[in-house]
Amino acid sequence: MKTSTLLILAACLTNAVGAEARQQAGTIAGTVRVPNGRASNAVVYLVSGRDYDVALQVEHPVIDQVSLRFSPSVIVVLPGTAVEFRNSDPVFHNVFSPGRSGEKFDLGRYPRNDSRSHTFKADGAHVILCHIHPEMVAYVVVAPTPYFAIVDGTGRFRIDDVPPGRYTIRVWHRRVRPFEEELVVRDGKHLHLNLVLTR
Ligand SMILES: [Cu+2]
């Protein structure tokens, strides 16, 4: 009995020391609602003013073209990231961006199993289109942060491992005005948000 009490005390002390020595990351999760439709593929991200090296990006970002669609149709990358656009269809595609977010480019026509890439520099949502198939559309959202989530088919999102601190939370969705709000992530805490976006 005495031994176990001591052990518990020792465990508490270790936790307290650990918490002081290094801050515990928090989590932000919740839901996004947009008028007249689904919020899936909205992007939720946290901006802190800190700079993040593009080398932090874990995966080489790729948008494939399959069955006359871009797949995935929304990705999020840090500024300075090269995104590869593959063609897996038995027809030519022509990837371009009209430059509504200030970054105009045209990768030309290319056949199956070929790929081209573009390095995105400017923050914002870049619309990606194909000259040959006007119904094809994708978005590359360039955000200065590794803390982001793409809203799922049920309208939910979750961002893990967020260091404590002050952030601006931003939400982008192709049909509604961008949303932003200030928030504070506290040590090891879980924050739940229900965000309602208006047109
Ligand atoms: Cu095409």
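**Notes on the model**

1. Let me begin with Asn194, which counts as exposed because it has 9 C-beta neighbours inside 10 Å. Asn194 belongs to strand S16, residues 190–196. Leaving out residues up to four places away in sequence, Asn194 touches Gly30 and Thr31; a contact here means that the two C-beta atoms, placed from the backbone, lie within 7 Å. Ala29 is 165 residues away from Asn194 along the chain, yet their C-alpha atoms are separated by 8.7 Å.

2. A word on the ground rules. This is a predicted model, in which local features need a pLDDT of at least 70 and side-chain atom pairs count only at pLDDT 80 or more, while totals for chains, interfaces and linings use all residues. Residues are numbered from 1 along each chain as its sequence is written.

3. How far can you trust it? The average pLDDT of the chain is 88, and 88% of the residues score at least 70; pLDDT is the predictor's confidence in each residue, from 0 to 100. Please treat residues 1–21 with care: pLDDT stays under 50 there, and the model has 1 contact beyond four places in sequence for this stretch.

4. For the overall picture, the chain has 1 helix and 16 strands. Of the 199 residues, 24% count as buried. Taking contacts between residues at least 6 apart in sequence, 62% join residues at least 24 apart.

5. Which strands make up the open sheet, and in what order? There are 4 of them, running S12-S2-S14-S15 with antiparallel pairing. S12 (148–150) and S15 (179–185) are at the edges with a single partner strand each, so one side of each has no neighbour in the sheet. From one strand to the next, the twist averages 20°, taken between N-to-C directions of axes fitted to C-alpha atoms, on a scale from 0 to 180 degrees.

6. Within that sheet, S2 (residues 43–47) pairs with S14 (residues 165–172) in the antiparallel sense over 5 bridges; two strands count as paired if DSSP finds at least two bridges between them. S14 also pairs with S15, again antiparallel, over 7 bridges, and a hairpin of 6 residues joins S14 to S15. Arg170 is a handy landmark here: Tyr45 stands opposite Arg170 in S14, and Arg170 stands opposite Glu180 in S15.

7. S3 (residues 62–66) deserves a look. Its covered face carries Ile63 and Gln65, and its uncovered face Val62, Asp64 and Val66. S3 pairs with S6 (residues 81–86) in the parallel sense over 2 bridges, with Val62 opposite Glu84 in S6. With S4, the pairing of S3 is antiparallel over 3 bridges, and Val66 stands opposite Arg69 in S4. S3 and S4 form a hairpin with 2 residues between them, and Ser67 in the turn has a positive phi of about 50°.

8. Some backbone details are worth checking. Most residues other than glycine have a negative phi, and most peptide bonds are trans. Ser71 and Pro72 are joined by a cis peptide bond, with omega about -5°; Pro72 lies in the loop between S4 (69–71) and S5 (74–77). Asn36, in the loop between S1 (26–33) and S2, has a positive phi of about 50° and counts as exposed, with 7 C-beta neighbours inside 10 Å. Asn113 sits in the loop between S8 (105–110) and S9 (115–120); its phi is positive, near 70°, and with 10 C-beta neighbours inside 10 Å it counts as exposed.

9. Arg156 counts as partly exposed because it has 14 C-beta neighbours inside 10 Å. Leu193 lies 37 residues from Arg156 in sequence and 9.9 Å away in space, C-alpha to C-alpha.

Methods
Buried ≥ 20, exposed ≤ 12 C-beta atoms within 10 Å, placed from the backbone.
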